[in-house]
Amino acid sequence: MPRVLSCIQPTGSVHLGNHLGALVNWVSGQHDGDVFHGIVDLHALTITEQPGILGQSTVELAAMLFAVGLDPEVATVFVQSHIHEHTELAWIMECTVSFGELSRMTQFKDKSAKREGDFISAGLFTYPALQAADILLYDADEVPVGEDQRQHIEITRDIAIRFNHRFGETFVLPKAVHPKAGARVMDLQDPTSKMSKSAETENGIVYLLDENSVIEKKFKRAVTDSDGVVAYDRANKPGVSNLLDILSAATGTPAETLAETYSQYGPLKKDTGDAVIALVDPIRARYHELMNDKGELARLLKIGNQRAREVAAQTLDRAHRAIGLMPRI
Ligand code: TYM
């Protein structure tokens, strides 16, 4: 059974990009591997400045992960800051990656450019080292993520290769696994940018907790183009293709096949909205149930934290031994 790991940040509410690009696959894959899923609150600290927010978002995200269908008896769901090995291994990762490699990360370049003139934390720069620690701590063979995370998994492999070369075989080399449909869900208002919490307006982002009427409205107003032809062509028809991709991910029918069944944008928008509502309706119901039973939610998270801790402690110990740090006394 492959060891599988993937994580998500508790920044804002879960959107359709996270769901179709990641969570759907986490759920469908939970019986095919020994899977670990982390709520990476420390990553969110790179941009969080107000007190009291991260803990609440972590609880909400945990409820959402169980609501989408992760079974705590099967999948190990944990909170990153509760497993101290993540930050400890992150330091070792920082010493195994170069300044040049971190400088070439497109996510750092994009995010720091957006914050120009604002506070840019060193954590935003060293973020990939913490992500490498998240992955390598669990000996992950596979990391299912959306396309936007490709570079992060590549740098994790480079770090692991370098560490193993310097100190001897210690870490498993992970590989990124991308879903066929939904790997890159685009913003409904700006279909050349990925759907992301950092977008300027909320109109192009569909949140799983949006009301049905809001979801309908967002799809109705989705940006398409003016030639009126339904065709799957990501480069030339990004808006229409994004709708087809979303409908495909929600229904399981290939986007090209779907394109042949529509001749107008209106029905495509309506059906895509309806398919998304059908997908999220039961999830929202389970989410609210769990949010009303915090004791149960804590119990479920404890199961994951305990198992994560066991695995992480062993790997960190292995890394310390490989480096040849003085044994603990
Ligand atoms: P995050 O929290 O931004 O996103 C979580 C997951 O959702 C996917 N995703 C998307 N997929 C398709 N279309 C989109 N528009 C879209 N937006 C987000 C992401 O690819 C991801 O799979 N750095 C990571 C978190 C992380 C991590 C890790 C992931 C930290 N440590 C270890 C994997 C393994 C991030 O910011 O994801």
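Where helix 7 meets helix 8, the residues Y127, P128, Q131, A132, I135 and L136 on the helix 7 side touch H152, I153, I155, T156, I159 and A160 of helix 8, contact being heavy atoms within 4.5 Å and helices being DSSP runs of H or I with at least four residues. The model is predicted, so local features need pLDDT of at least 70 and side-chain atom pairs pLDDT 80 or more, whereas totals for chains, interfaces and linings use all residues. Residues are numbered from 1 along each chain as its sequence is written, and side-chain values use heavy atoms, with hydrogens and water left out.

The axes of helix 7 (residues 122–136) and helix 8 (residues 150–167) come within 9 Å and cross at roughly 75°, the axes being lines fitted to C-alpha atoms over the stretch in contact, with angles from 0 to 180 degrees between N-to-C directions. Helix 7 is therefore roughly perpendicular to helix 8, a term for angles of 65 to 115 degrees.

Also in helix 7 is T126, which, leaving aside its neighbours within four places in sequence, is in contact with E94 and L102.

Because D139 lies in the loop between helix 7 and strand 4 (142–144; strands are DSSP E runs of at least two residues) and R318 in helix 13 (residues 294–323), the pair ties together parts 179 residues apart in sequence. The structure holds 16 salt bridges.

Terms used:
Parallel < 35°, antiparallel > 145°, perpendicular 65-115°, else oblique. Salt bridge = Lys/Arg side-chain N within 4 Å of Asp/Glu carboxyl O.
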